[in-house]
Amino acid sequence: FNKSNEKGISMKRKILVLASSLTFITSTGCNGAETSAAVNASNKLVVHFKDISAHWAKDSVETAIQKGYVDGYEDQTFKPEISVSRAEFIKMAVTALNLPVTGETSGSKWYVPFATAAATLGIYKGADFSLDDMNQPMTRMEMARVALRSADKDYQDPAAITNDPSIMYNATKIGLIQGLA
């Protein structure tokens with residue numbers, strides 16, 4: 001790859017890592033609160049969530065936490081069976097892409113700085129869902145749309161094809177999502 005393409009490739013790799021690390025994304029939870037994990041002496045994140053030890057996504061959860069994409073709840077749980085909200089997924093995408101986030105990130109609308117960062121890059125658009133609906137569960141289609149825009153800047157363009165079949169096809173084609181059995 002040539003040097004002019006490195007930034008796009010890097011962004012694609014980050015979102016692909018996010019997608020592959022979080023294959024459980026539509027059925028697990030995180031929030032804007034501090035992580036319940038601790039950092040050990042070697043500066044490596046050590047995960048201590050009481051509700052993931054026997055969960056099928058334990059390794060993916062731990063990987064996502066170590067990469068800083070997700071965090072847990074203050075009661076030292078991760079709540080892996082709770083749906084991911086739109087706000088949480090936007091936060092994960094913004095974090096995976098290392099986008100600058102400015103403004104207050106706590107309180108009842110902790111997600112506004114993340115949504116603003118995502119909107120600035122074009123991975124979230126107000127027509128997708130309103131800021132007032134950010135705490136609703138993220139649908140698979142919405143996740144595919146945001147992930148596709150995160151991985152491929154061509155889909156950030158307002159003129160890009162944005163119909164649902166095209167989004168699902170292209171998100172599957174580049175490996176962001178998988179079909180169900």
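**Close-ups of helix packing and the core**

**View 1. Where helix 3 meets helix 4.** On the helix 3 side, Ile90, Lys91, Val94 and Thr95 touch Phe114, Ala115, Ala117 and Ala118 of helix 4. Sorted by class, this contact of helix 3 with helix 4 has six nonpolar residues, one polar and one charged. Keep in mind that this is a predicted model.

**View 2. Helix 5 against helix 6.** Here the axes of helix 5 (residues 140–151) and helix 6 (residues 164–173) come within 9 Å, crossing at roughly 65°. Helix 5 and helix 6 also make a left-handed crossing. Helix 5 brings Arg140, Met141, Ala144, Arg145 and Leu148 to the contact, while helix 6 brings Asp164, Ile167, Met168, Asn170 and Ala171.

**View 3. The largest nonpolar core.** This core has 42 residues, and those touching the most other members are Val70, Phe78, Phe89, Ile90, Val94, Met134 and Leu176. At least two core residues come from each of helix 2 (58–66), helix 3, helix 4, helix 5 and helix 6. Helix 3 is the top contributor, giving seven residues to this core.

**View 4. Around Met134.** Skip the neighbours within four places in sequence, and Met134 is in contact with Ser85, Arg86, Ala87, Ile90, Tyr111, Ala115 and Phe129.

Key: Residues are numbered from 1 along each chain as its sequence is written. This is a predicted model: local features need pLDDT of at least 70, side-chain atom pairs count only at pLDDT 80 or more; totals for chains, interfaces and linings use all residues. Side-chain values use heavy atoms; hydrogens and water are left out. Contact means heavy atoms within 4.5 Å. Helices (H or I, at least four residues) and strands (E, at least two) are DSSP runs, numbered from the N terminus. Ala, Val, Leu, Ile, Met, Phe, Trp, Tyr, Cys and Pro count as nonpolar, Asp, Glu, Lys and Arg as charged, and the others, Gly among them, as polar. Axes are lines fitted to C-alpha atoms, for helices over the stretch in contact, and angles run from 0 to 180 degrees between N-to-C directions. A crossing is left-handed if the near helix is turned anticlockwise from the far one by less than a right angle, and right-handed if clockwise. A nonpolar core is a set of buried Ala, Val, Leu, Ile, Met, Phe, Trp, Tyr and Cys residues joined through side-chain atoms within 4.5 Å. Buried means under 20% relative accessible area, exposed over 50%, partly exposed in between (1.4 Å probe, protein chains only).
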